[in-house]
Amino acid sequence: MNTLNRVLILGATSAIAEQTARLLVAQGAHVYCVGRNPEKLQLMMDDLKVRAGSGQSIDGQAADLNEMDRHESLIEAAQTALGNLDAVLIAHGTLPDQKACEKEAEQALKEIQINALSVISLLTLLANQFEARQQGGVLAVISSVAGDRGRQSNYVYGAAKGMVSLFMQGLRNRLSRSKISVVTIKPGFVDTPMTDGFEKSGPLWAKPEVIAKGIVLAMQKGKDEVYLPGFWWGIMLIIRHIPERLFKRLSL
Amino acid sequence: MSKPCSWNRIPDVTPKAAYHLMHRLDPIPEELPRPLTVYGNGRSYSDVGLTKEGSLLLTRDMNRLIEFDGYQGIIRCDAGITLAQLLEFIVPKGWFLPVTPGTRFATVGGCLANDVHGKNHHALGSFGHHVRAFELCRSDGSHRVCRPDDQEPWFAATIGGLGLTGLIRWVELQLISIENPWMWVASHRFDDLEAFWAMNASLESDWPYTVAWIDCLAKGQAQGRGIYLAGRHAGPQSDLPRYRSRNWEMPFDPPLSLVNSLSLKAFNQLYYKQKVCPSGKLVHHAPYFYPLDAIGQWNRIYGKKGFYQYQCVIPPHNAQAATSELLSTIAKRKQGSFLAVLKTFGEKPSLGLLSFPRPGTTLALDFPNKGQATLDLLADLDAIVLDAGGALYPAKDARMPAAMFRASFSDWEAFTPFIDPAFSSHFWQRVSL
Ligand SMILES: Cc1cc2nc3c(=O)[nH]c(=O)nc-3n(C[C@H](O)[C@H](O)[C@H](O)COP(=O)(O)OP(=O)(O)OC[C@H]3O[C@@H](n4cnc5c(N)ncnc54)[C@H](O)[C@@H]3O)c2cc1C
Ligand SMILES: NC(=O)c1ccc[n+]([C@@H]2O[C@H](COP(=O)([O-])OP(=O)(O)OC[C@H]3O[C@@H](n4cnc5c(N)ncnc54)[C@H](OP(=O)(O)O)[C@@H]3O)[C@@H](O)[C@H]2O)c1
């Protein structure tokens with residue numbers, strides 16, 4: 001079991017990350033939260049402070065994670081605040097307007113930037129630090145089932161998430177000897193602001209609270225890759241195995 | 001989310017827009033079609049939180065804690081937090097809700113706006129009695145913190161104000177302390193209404209929580225038979241049982257209501273015949289307060305047509321006569337309810353201008369929607385209630401006529417100046433004609 005005592009959360013104001021933070025704090029963790037919107041971040045940290053015991057540290061700062069030259073100092077600030085890092089959760093992301101991305105490459109690249117490149121920048125810094133200090137640890141990223149196969153309805157997002165998943169795979173391979181858990185989290189449909197405007201009834205939709213439980217468990221157990229909720233493993237197994245000749249003709 | 005609806009699924013109306021308030025500082029967007037209606041968690045059996053012409057403001061994502069004083073048991077939280085989320089935090093710390101309705105999936109804002117009551121009304125009054133402060137946000141962008149001893153009556157207008165005075169952003173509550181999550185519960189069987197009144201009179205003074213379930217299909221001699229439950233928070237225990245929650249989800253809408261005269265009769269009889277334990281035993285607070293929450297989406301058993309709740313309160317001097325008249329009318333029509341809930345409210349005056357709780361006896365029932373036949377029955381019940389000087393509970397009403405509302409809520413005219421000009425609801429449009 002990995003200890004999740006001192007945790008850095010990037011994209012902390014995301015609905016899924018906030019629920020995860022509540023669970024971690026309830027288990028006694030000290031957390032450092034990085035979110036883009038300072039107002040939201042403050043409200044969220046106030047909530048965590050109420051939940052935390054007296055000795056528990058809840059700290060953080062606002063940052064746009066597209067500003068990659070700030071990544072190093074963000075990690076440093078977290079380390080200083082928490083003393084050390086047991087685990088990091090990277091949760092930020094955006095769901096692109098696929099049609100807009102098809103019209104303009106600039107739009108597509110912007111989405112790839114935030115959903116993939118900013119994550120890779122963070123992971124590179126974190127992996128090197130974790131590797132150098134030789135204490136194990138957990139690097140977890142929220143990717144998506146959308147990264148498992150490209151579909152016409154959102155392949156820009158899918159490509160970005162797919163890049164993250166693949167990058168994580170390689171990183172896991174590299175860091176396995178250092179006893180660092182590299183955890184790829186692949187949620188299905190989650191009822192959060194990101195999916196506003198979708199018709200969310202039906203059994204495929206999950207609440208962020210449920211996903212959060214799965215994330216904490218996967219981080220504790222040092223899972224390599226988890227589908228959340230678990231039934232997505234089966235769905236994606238099928239989706240991945242449909243022959244491309246057929247798949248390309250489906251309207252997915 | 002799926003389409004917001006009321007718990008009893010009547011009426012089936014679609015708002016022009018539904019807007020998620022993500023946190024309590026979110027302004028109300030100018031461009032939303034008006035009027036505005038706040039939607040908590042849709043646990044009212046009523047259209048108080050619905051609109052057809054305007055937009056819904058959804059508060060469930062606004063669910064953060066703001067401050068907690070663990071010495072005095074005072075908590076301040078966003079209005080969209082559910083009682084379940086609150087309990088999860090406060091119970092391990094030795095605190096409990098001073099007043100709770102029969103579902104923990106209601107939001108704090110919804111409890112305030114309906115000034116809800118629990119099984120302890122005779123001891124502690126209603127929800128509003130334990131609200132120390134709240135913040136009210138008006139559509140003009142102004143906001144004010146309201147407290148019970150304010151000069152201006154915004155507090156009284158908003159407690160039980162059916163969400164019409166504006167958006168409640170946060171609420172500060174006084175909690176009660178508990179030793180552990182368990183209840184000590186005594187149960188008794190009674191053979192008729194007379195026995196209920198006698199039992200109630202003798203048990204109420206000793207037990208902070210009391211309620212009775214009545215077999216509403218029993219006729220003649222057996223009319224009014226039922227089970228009486230008296231409870232209190234358990235004292236310190238050297239050894240507590242283990243509690244494992246068992247939850248079940250109603251996965252789909254049955255094509256027909258599963259509630260029919262046969263299943264009702266069986267259920268009512270079985271319930272009445274259950275083993276009772278007059279000396280009392282330990283029961284975990286979850287099954288005690290929230291038995292129906294164990295079946296997720298239980299409202300679906302009535303099928304797509306939905307059902308009606310009917311909850312009235314009858315003033316003390318008419319309570320006995322009117323209660324038996326109500327029960328015989330229901331039994332005669334064979335449109336019985338799963339269970340009828342009977343309880344007496346205490347003397348404590350409610351704080352809200354439109355609060356439902358008032359001294360007397362309250363009877364609550366649900367009826368599968370059989371169209372006109374059901375509406376006719378409810379109209380007959382209305383006549384009995386009106387005649388006895390009683391009132392209907394807006395949180396559990398989807399059909400009362402405007403005249404009935406006005407007769408039940410004599411302060412409605414004093415209330416209207418406090419309505420936010422941009423706010424209304426399907427309910428309000430129906431009763432304020
Ligand atoms: C199984 C079950 C048992 C119940 N038992 C009881 C009981 O014992 N006693 C009792 O009194 N009630 C009981 N109820 C009814 C329920 O407690 C109330 O209807 C409660 O108000 C529901 O809360 P909600 O958050 O779902 O609000 P909704 O039903 O969504 O809304 C209720 C009202 O509150 C307003 N509102 C909600 N949030 C805000 C806000 N932030 N600002 C302004 N207005 C707001 C809405 O506009 C609406 O008028 C029960 C309901 C169920 C399903
Ligand atoms: N919801 C789903 O169905 C689903 C499915 C699979 C995977 N996911 C993934 O789960 C993660 C969490 O998403 P969510 O569903 O919880 O949605 P969410 O609440 O909308 O969270 C997304 C978060 O990312 C933040 N963000 C976006 N751009 C940023 C930037 N440049 N810098 C810093 N933060 C930025 C947003 O900040 P602001 O609050 O400031 O906008 C927001 O807090 C995402 O990675 C998402 O791709 C979601």
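Student: How do the residues of the shell around ligand 2 divide into nonpolar, polar and charged?

Tutor: This is a predicted model. The shell around ligand 2 holds 13 nonpolar, 12 polar and 4 charged residues.

Student: What makes A:Lys40 a polar contact of ligand 2?

Tutor: A polar side-chain atom of A:Lys40 lies 2.7 Å from an oxygen atom of ligand 2. The cut-off for a pair of N or O atoms is 3.5 Å, so this pair counts as a polar contact. A:Tyr157 is judged in that way too: an N or O atom in its side chain is 2.6 Å from an oxygen atom of ligand 2.

Student: How much of ligand 2 does the protein bury?

Tutor: Taken alone, ligand 2 exposes 890 Å², and the protein buries 92% of that.

Student: Why is the pairing of B:Val48 with ligand 1 called a polar contact?

Tutor: A polar backbone atom of B:Val48 is 3.2 Å from an oxygen atom of ligand 1. That value is within 3.5 Å, therefore the pair qualifies. B:Tyr393 has a polar side-chain atom 2.7 Å from an oxygen atom of ligand 1.

Student: Which elements give two or more residues to the shell around ligand 1?

Tutor: They are strand 2 (36–39), helix 2 (108–113) and strand 9 (167–174) of chain B. Helix 2 of chain B gives the most, with 4 residues.

Student: What is the make-up of the shell around ligand 1 by class?

Tutor: There are 18 nonpolar, 15 polar and 2 charged residues in the shell around ligand 1.

Technical notes:
Residues numbered from 1 in each chain as written. Chains lettered and ligands numbered in written order. Predicted model: local features only at pLDDT ≥ 70, side-chain atom pairs only at ≥ 80, totals over all residues. Heavy atoms only, no water. Polar contact = N/O pair within 3.5 Å; in protein donor to acceptor, adjacent residues only side chain to side chain. Nonpolar A, V, L, I, M, F, W, Y, C, P; charged D, E, K, R; others polar. Areas by Shrake-Rupley, 256 points an atom, 1.4 Å probe, with all protein chains shown as cover.
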